[in-house]
Amino acid sequence: MPKGVLVDITRCMGCKACQVACKQWNDLPSSNPEFKEGLTSPPDMNGYTYTTVQIEVVKKDNDYTIRSAKRQCMHCEHPACASACFAKALQRDPKTGAVHYYPHLCVGCRYCMLACPFDVPKYQWDKQFPLVAKCQFCFDPEGKYDRLGYGLRPACVDTCPTGALKFGERDELLQEARNRINSDPKYIKKIMGEKEAGGTSWLYISDVPFETFGFRPNLGTRPLPEYSHNFLKWTPIIAVGWGTLLTVLYHYTKRREQVASESGKKDVHM
């Protein structure tokens, strides 16, 4: 059964321990120190930062409060990035639910960056041979940085001191989320990721609008690859049809040139 993580925004205190743990476990460079510009640094994921913690001041109950939310790859059940990648550099593991990136297959087209509804994949623009960068869910088929494969929790979950991150089976996490939001009126009656874009492995519950942290409100529940499939399924037919049309035009043009050439020769002899 696919794994998942439940993020309870009401329990996050913005310490960014998850962000530091992610860099340590994945051996990512710390050229951009996590606290260089204060608690809001870096403001977004980049080629060397798989996860960030967004800290926002929110108006709630006629007062202002601070809320924090961890952002990373959502590991969609029907990943648009994998659907858009013709090189198969992005693949979803059905057992863990992790959408893994295979750098040796990547051609650098960056279609995944355009396809992702959560604006997650980033690019290492400063490298001569850049790669796409995103959270791997601490899963690695090659075993180097694998935690899920050995039955361990992701590094970010392991280091969270407040219990804002809970790892487990996705179905069980959904039930846990429903229990929390139904037993406490402070929660918004919605689980972000339950159905959005076909469902994701990372699930969020909150007492402030999800849009506060950049989640799009109009994603819909239909898996995004289904939209592209309606067009891409015609690709072979179009390719064959277009090739046939070009072949016919080629022979037609060539025939006209032959006729014109023979006509010209007759005029000369006359």
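In the predicted model, helix 1 is followed by D27, a residue whose phi is positive, near 55°. Within helix 1, which spans residues 17–25, the buried positions are C18, Q19, A21, C22 and K23. The cover over these buried residues includes strand 2 (52–60) and strand 3 (63–71), together with helix 4 (155–159) and strand 8 (165–169).

Helix 5 comprises 14 residues (170–183) and reaches 20 Å from its first C-alpha to its last, close to the 20 Å expected at 1.5 Å a residue. Its buried residues are R170, L173, L174, A177, R180 and I181. Because these residues cover an arc of only 125° around the axis, they lie on the same side of helix 5. They pack against strand 1 (3–8), strand 8 and strand 9 (202–205). The face of helix 5 turned away from this buried side carries the exposed residues E172, N182 and S183.

A search of the whole structure finds 14 salt bridges. In one of them, the side chains of D8 and R180 meet at 2.9 Å, N to O. This pair links distant parts of the chain, with D8 in strand 1 and R180 in helix 5, 172 residues apart. Both D8 and R180 are buried. The two residues also belong to a network of salt bridges that links D8, R11, K166, E176 and R180.

R178 counts as partly exposed, at 29% relative accessibility, and E194 is partly exposed with a relative accessible area of 23%. In the salt bridge of D119 with K122, the closest N and O atoms are 3.7 Å apart. D119 counts as partly exposed at 42% relative accessibility, whereas K122 is buried, with a relative accessible area of 12%.

F86 is placed in the loop between helix 2 (80–84) and strand 4 (90–92). Its relative accessible area is 56%, so F86 counts as exposed.

Overall, the protein chain has seven helices and nine strands. Of its 270 residues, 42% count as buried. Among contacts with a separation of 6 or more, 57% are accounted for by residues 24 or more positions apart. The protein chain exposes about 15200 Å², of which carbon and sulfur atoms supply 56%.

Conventions: Residues are numbered from 1 along each chain as its sequence is written. This is a predicted model: local features need pLDDT of at least 70, side-chain atom pairs count only at pLDDT 80 or more; totals for chains, interfaces and linings use all residues. Side-chain values use heavy atoms; hydrogens and water are left out. Buried means under 20% relative accessible area, exposed over 50%, partly exposed in between (1.4 Å probe, protein chains only). Helices (H or I, at least four residues) and strands (E, at least two) are DSSP runs, numbered from the N terminus. Contact means heavy atoms within 4.5 Å. The expected span of a helix is 1.5 Å times one less than its number of residues. The arc is that of the directions from the helix axis to the C-beta atoms. Accessible areas come from the Shrake-Rupley method with a 1.4 Å probe; for residues, only the protein chains shown count as cover. A salt bridge is a side-chain nitrogen of Lys or Arg within 4 Å of a carboxyl oxygen of Asp or Glu.
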